[in-house]
Amino acid sequence: NKNVELDPERQKKAKEYARINHRLMLVDLLFTAVYLVAWLVFGWSISLKDWLMGFTTNEWMLVFLYVIIFGGILFLINLPLSYYQSYLLPHRYELSTQTPAGWISDQLKMITVGGVIGLIILEIIYAVLRGYPTTWWLWAAGILLAFNVILEKIAPTILMPMFNKFVPLGDEHADLTQRIMQL
């Protein structure tokens, strides 16, 4: 075990970055909560459903279209905060070398992957809700648990490589490799 001295200045910057990031997460959570409540309080949710029923009465398609519109608006509202939190802030603290094109690419991948996964989950939950109106919550909890286990298994090999480049540590990091392997 080697004693590693931590740079006090880097520690200070790390704490500052973490503090700012936590505040931004709270702001994001607050924006999202206000958005959700506004849809309920102002009747936008019912209005959107009624408007969409003018196009289709298919329950699967209604969920799909509702999610696209509802989620798309939320994405656009959160986009400036997301850009600051996930692109500008890490660059300011020298924690990222990602290009703007790379950030946009990651956002598009997140929308696609997250949208598909989220839509599948919502469609299943709404199907369960229609089929089992009194015990839907129990079925949904079981399905979400199973889905989380599946996601946990595929994330390291399928999802994470979409957003990160993983390479083996070279010989210059042999000490670190050894310490990690001992853990």
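This is a predicted model: local features need pLDDT of at least 70, side-chain atom pairs count only at pLDDT 80 or more; totals for chains, interfaces and linings use all residues.
**View 1. The lining of the largest pocket, sorted by residue class.**

**View 2. The helices around the largest pocket.** At least two lining residues of the largest pocket come from each of helix H2 (44-53), helix H3 (59-92) and helix H4 (100-131). The helix that gives the most to this lining is H3, which supplies 16 residues.

**View 3. The second largest pocket.** The second largest pocket holds about 180 Å³ of space, and its lining is made up of Arg 10, Gln 11, Lys 13, Ala 14 and Tyr 17, together with Tyr 93, Glu 94 and Leu 95. Sorted by class, this lining contains four nonpolar residues, one polar residue and three charged residues.

**View 4. Gln 85 and its surroundings.** Gln 85 is a residue of helix H3, and it counts as buried because its relative accessibility is 16%, where buried means under 20%. The side chain of Gln 85 is joined to that of Asn 21 by a polar contact of 3.0 Å. When residues up to four places away in sequence are left out, Gln 85 touches Asn 21, Leu 24, Met 25 and Pro 90.

Definitions and conventions:
Residues are numbered from 1 along each chain as its sequence is written. Side-chain values use heavy atoms; hydrogens and water are left out. Helices (H or I, at least four residues) and strands (E, at least two) are DSSP runs, numbered from the N terminus. On a 1 Å grid over the protein atoms alone, a cavity is a set of points where a 1.4 Å probe fits but cannot get out, and a pocket is an open set with protein on both sides within 12 Å along at least five of seven lines; lining residues have an atom within 4 Å of a point. Grid points are joined across faces, edges and corners, and a volume is the space filled by probe spheres set on the points. Ala, Val, Leu, Ile, Met, Phe, Trp, Tyr, Cys and Pro count as nonpolar, Asp, Glu, Lys and Arg as charged, and the others, Gly among them, as polar. Buried means under 20% relative accessible area, exposed over 50%, partly exposed in between (1.4 Å probe, protein chains only). A polar contact is a pair of N or O atoms within 3.5 Å; within protein, one must be able to donate a hydrogen and the other to accept it, and residues adjacent in sequence count only if both atoms are side-chain atoms. Contact means heavy atoms within 4.5 Å.
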